[in-house]
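User: I am new to this structure. Please walk me through a few of its helices and residues, one question at a time.

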Amino acid sequence: MQSFTRPIFWFCIAVISITASCVLLSAWLIGKQYSHEVAQEQITRADYFLRGYLASQQATQKNAVDGILSDYGFKRTIADGDPATIESMLLNHAERANLDLLLVFEQMGTPIADYGSIVNTEKAENIFRVLKKKPIEPIMLALNNRFYRLYLSPVKAPHTIAYAIAGKELAKRQLEEIKQVTGLDITLYSKQNGYFLSSSSNAKQAISDTSNQNPSFWNRQQFINKQIHIESPPPYDVKLIMSADISEFHNRFAQFGQKLILVTLLVMVVIFVLSILISRHVFMPLHRLHQKLLRRASYDHLTGIHNRITAGELGNRLLIECYRTEKPLLVAMLDIDHFKTINDSYGHAAGDAILMEVASRLKRVLRQYDVIGRYGGEEFIVATSLSRDVGHETLVRLKNSISAKPFRYKDKLIPMTISIGAFFIDFGEYARLVTPEELIEWADEALYSAKNNGRDQIVINHYENGTLASEAIL
C-alpha cells in the first residue's frame, strides 16, 4: 500500500509546488509589467505637467523681459553705452521682474553689463554664442552648481542695438512643488560638470539606473527612471530624469508571496492528512485483503503452519544456504500413525483437532526459523540446519512430544504415535548440490521404511563413505 500511495502523494506535492511557483512567477511578471506601465503613464503625465509649468514660468519671464527691453530709457542707456548706468537699471528691472540672471551684450557678443552674473567674460561669450543659435527659445544650462533656464532676446531701437540674456534658476523648492503635484521625483544632472539637483534622496541611484542601458531582467528596481528630453546643448548639457517609486509594488508582492507560500504549505499539510485518511479508508481494506490472500496462499488454513508450496520454497532457500556455507542439513517427513482409523473412530472433527495439535507441538519443539509445513493429509515436513547428533536428539524430541502424551478431545483421550523419516546430509563431506526433490525422495523412503517396520519410530538416511545408509531409532 505504501509503495502505491507514496508516488501519488509526492505527485500531488509536486503539482502544488509547481503551481505555486508558476503563480508566483506569473504574478511577478504581470505585476512588474503593470507597475512599469503605470509608472510610464505617470511619467508621461508628469512630463506634460512639467513642460506646462516651465512654459507658464517662461511666459511670465518673457513678458517681464519684454517690458524691460521695450523701455525707452533702458534702450537709450544701452545706446549711450554707460556700463554703470546700465548695471543700475539692470538691477532695478531684474529685481522687479524677479529674474536671477540678466546680461546685456553688444551686437558682436561682447558683455556690456550684467546682474546676478556667476560667470566670467569668456563664459558669458560662450553662453551668448550658444543662445544666439536659437534666440527666444529657452535652453537649460548648468553653471557653477546651479541650473538655469536662459533665453536670448534682441534689444531693438528699431534695429537691434544689443542682446539681453534673461534667466531663472531652477531651485530644489520648485522641484519639490512639482513632486507634490505629480508624485514623481525630478533630478537635474550635468555629467560634464559633475553635479545634480534633485527632489529625491536617491538621486545618485536614479542617475546610475538611467546610465545603465541594459538592466538585469530580475533586478528589483525601487524606481523606474526615465530621461526627459530638454534643450541643453553642449558644453552645458543637462539631463532631466523623472523617477517613479514602485517600492509599494514590491512590498505588496512580498506580502502576496508570503501568503501564497503559507497557503501552499497549508494545502500540502491538508493533502498529507487527506492522503493518510484516504489511504486508510480505501487501501487498508485492500491491504488487509492482500495480506489475507497472501496468508491463505502461504499457510495451511487448518494448522496455521506453512503449506506444501511455501515450505518447499523455504526449504530450497535453506538448502542453498547450507550448501554455500557448508553446514549440515536435516530434512524430515512426519506421518501420524493410523490417522484414518482416528477419523473413522472419532470423526473428522477430531481428526482436524489432532492435526492442529500436532502442528502446535511441532512448533514448540522446533526453532522459530526452522522450516515446518503441512505436506498433505496427515503428513508434515521439517527442514533445519543441525549437526548429526543434535539432529537425532531433535527428531527424538519431536516423536516424544506427540507419542508420549495422548490428545484430549472433548471427554475422550486419543492416543497418538508418529512415524518419522529423515535424511541428513553434511555438505562439508558431500560436495554435490542435491535437489529439493532428491532430499524429499530420500526422506520419504526413510518414512516408508519406518511405517513398514511397525510405525512409531524414526528412520534416518544419510551418506556414509559415499553410500546411502539407514539408521532406525525406536
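User: Which residues of H9 meet which residues of H10?

Analyst: This is a predicted model, so local features need pLDDT of at least 70 and side-chain atom pairs count only at pLDDT 80 or more, while totals for chains, interfaces and linings use all residues. Residues are numbered from 1 along each chain as its sequence is written, and side-chain values use heavy atoms, with hydrogens and water left out. Contact means heavy atoms within 4.5 Å. On the H9 side stand Phe339, Ile342, Asn343 and Tyr346; they meet His348, Ala350, Gly351, Ile354 and Leu355 in H10.

User: How do the residues of that contact of H9 with H10 divide into nonpolar, polar and charged?

Analyst: Ala, Val, Leu, Ile, Met, Phe, Trp, Tyr, Cys and Pro count as nonpolar; Asp, Glu, Lys and Arg count as charged; the others, Gly among them, count as polar. By that rule the contact of H9 with H10 holds six nonpolar, three polar and no charged residues.

User: At what angle do helix H9 and helix H10 pack, and how far apart are their axes?

Analyst: Helices (H or I, at least four residues) and strands (E, at least two) are DSSP runs, numbered from the N terminus. Axes are lines fitted to C-alpha atoms, for helices over the stretch in contact, and angles run from 0 to 180 degrees between N-to-C directions. H9 covers residues 339-346 and H10 covers residues 348-365; their angle is about 135°, and their axes are 6 Å apart.

User: What does that make H9 relative to H10?

Analyst: Angles under 35 degrees count as roughly parallel, over 145 as roughly antiparallel, 65 to 115 as roughly perpendicular and the rest as oblique. The angle here is about 135°. That makes H9, relative to H10, oblique.

User: Why do the buried residues of H3 count as lying on the same side?

Analyst: Ile86, Met89, Leu90, His93, Ala94 and Ala97 are buried in H3.

User: How far apart are the end C-alpha atoms of helix H3?

Analyst: H3 has 15 residues, 83-97. The expected span is 1.5 Å times one less than the number of residues.

User: Is His93 buried or exposed?

Analyst: His93 is found in helix H3. Not counting residues up to four places away in sequence, it touches Ile68, Asp71 and Phe74. Its relative accessibility is 10%, so His93 counts as buried.

User: Is Lys410 buried or exposed?

Analyst: Lys410 is found in the loop between strand S13 (407-409) and S14. Its relative accessibility is 67%, so Lys410 counts as exposed.

Note on methods:
Buried < 20%, exposed > 50% of the residue type's maximum accessible area, 1.4 Å probe, protein only.
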